[in-house]
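Here is a quick tour for anyone opening this entry for the first time. Take a look at the model, then read on.

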Amino acid sequence: MDKREKKAIIITLGVLALFFFSILYARGKNNDLVECLPYNKTYEERKVTKLDDKTYQVFAVAQMWQFQPAEIYIPVGSEVDFFLTSKDVVHGFNIAEKNVNMMAVFGNINKTTVKFDKPGVYKITCHEYCGVGHQNMQAQVIVNNPAAQ
Ligand SMILES: [Cu+2]
């Protein structure tokens, strides 16, 4: 075997080993990845459900050109499961401060879990061009607003 051929095989095996190691290392560490759930009409009901003092479920629906519910009030330290669907075209669902980036797709449910540790107003914006009203498509998560509790 040629010396350079041997070197190429060793480098290839090294890169492969690194690849498989990184997959095994990352497995189970990204619990905040978006999940895709089986579609069910009940997800089209827009609501915020309180499971306990620190756990909430938000069933959000995107449609031209709004998110519902448009204002979500939760206490600080809450963990929120977002279930998202669309009534028409593909919309985006972005909470920049929380690194949330989901797609709202008709006939599909996407889910992610977010923990809100700090009080404030977290803007939800559509980041997928969905028509003439796209730029106005916003909602907000209001964490620890005493006036609204
Ligand atoms: Cu949009």
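This is a predicted model: local features need pLDDT of at least 70, side-chain atom pairs count only at pLDDT 80 or more; totals for chains, interfaces and linings use all residues.

Residues are numbered from 1 along each chain as its sequence is written, and side-chain values use heavy atoms, with hydrogens and water left out.

**The copper site**
- The copper ion gets its protein donors from C126 (SG), E128 (O), C130 (SG) and H134 (ND1), at 1.8 to 2.6 Å; donors here are N, O and S atoms within 2.8 Å of the metal (3.2 Å for Na, K and Ca), and sites may look incomplete since water is not among the atoms.
- The arrangement is irregular because the four donor atoms subtend angles of 82 to 124 degrees around the copper ion.
- Along the sequence, the donor residues follow the spacing C-x1-E-x1-C-x3-H.
- C126 is buried, with a relative accessible area of 8% (buried means under 20%, exposed over 50%, partly exposed in between, using a 1.4 Å probe and protein chains only).
- C130 is buried too, at 8% relative accessibility.

**Aromatic rings**
- Rings of Phe, Tyr and Trp (its six-membered ring) pair if their centres lie within 6.5 Å, with planes under 30 degrees apart called stacked, over 60 edge-to-face and the rest tilted.
- That rule gives nine aromatic pairs.
- F19 and F20 make an edge-to-face pair, 5.3 Å centre to centre with 70 degrees between the planes.
- F19 is partly exposed at 44% relative accessibility, and F20 is partly exposed at 48%.
- F59 and F83 are stacked, 4.9 Å centre to centre with 10 degrees between the planes.
- F59 is buried at 10% relative accessible area, and F83 is buried at 9%.

**Nonpolar cores**
- A nonpolar core is a set of buried Ala, Val, Leu, Ile, Met, Phe, Trp, Tyr and Cys residues joined through side-chain atoms within 4.5 Å.
- The largest one has 25 residues, and F67, I74, F82, F93, F116, I124 and V141 touch the most other members.
- Apart from that core sits another of five residues, among them Y43, F59, F83 and I109.

Note on methods
Four donors count as tetrahedral if all angles lie between 85 and 135 degrees; four count as square planar and six as octahedral if opposite donors are over 155 degrees apart and all others between 65 and 115; anything else is irregular.
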